[in-house]
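Work through the exercises below with the sequence and the model in view. Try each task before reading its solution.

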Amino acid sequence: MAVLTNALDKLLGYQMRRATAVLMADFVRTLSDFDMRPAEVTTLLVIAENPDCSQSEVGEAIAIKRANMVPIIARLIERGLVARTRVDGRSLALRVTAKGAEHAAEAWRRIAEHEARFRDRLAPEDLETVLAALPVLRVDVEDSSSGNGQ
């Protein structure tokens, strides 16, 4: 069988998509017995790190639209991992429960192992470069072109 060439290998977006697919598959495998989607785990971790945050603050922090946050928060509350508390007459704050804190601690432990599997593949200077470059790429092209002329 012939080895095919692939001009896509020289494209940044193609390489990022392939790398992301591998990373996410391992992430899902790592947390498979949690019975939680990646967005739910991420939401739990953000709430654990930021007690008394609002649902909209969490959504903004992890770039999830408000309408999509509703079922995520509802599921975390239903599972007893997160609780809402009234801050004032109208506002509700989110906080992890004791069970949620245990889940978050175990998730962090497993995520550290997951991260190590991939970080260890890169030389320290390459990892530093990748971690510095990726946030630059996360900025919407429309936003960056209207800013400082870049």
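**Exercise 1.** In which helix is the place of Met 24? Decide also whether Met 24 is buried, exposed or partly exposed.

Solution. This is a predicted model, in which local features need pLDDT of at least 70, side-chain atom pairs count only at pLDDT 80 or more, and totals for chains, interfaces and linings use all residues. Residues are numbered from 1 along each chain as its sequence is written, and side-chain values use heavy atoms, with hydrogens and water left out.
- Step 1: Met 24 lies in helix H1, residues 12-30 (helices are DSSP runs of H or I, at least four residues, and strands are runs of E, at least two, numbered from the N terminus).
- Step 2: Buried means under 20% relative accessible area, exposed over 50%, and partly exposed in between (1.4 Å probe, protein chains only).
- Step 3: Met 24 is partly exposed because its relative accessible area is 36%.

**Exercise 2.** Find what Val 41 is in contact with, leaving aside its neighbours within four places in sequence.

Solution. 
- Step 1: Contact means heavy atoms within 4.5 Å.
- Step 2: With those neighbours left aside, Val 41 is in contact with Phe 27, Leu 31, Met 36, Ala 107 and Ile 111.

**Exercise 3.** Sort the lining of the largest pocket by class.

Solution. 
- Step 1: Ala, Val, Leu, Ile, Met, Phe, Trp, Tyr, Cys and Pro count as nonpolar, Asp, Glu, Lys and Arg as charged, and the others, Gly among them, as polar.
- Step 2: The lining holds 26 nonpolar, four polar and four charged residues.
- Step 3: H1 gives the largest share, nine residues.
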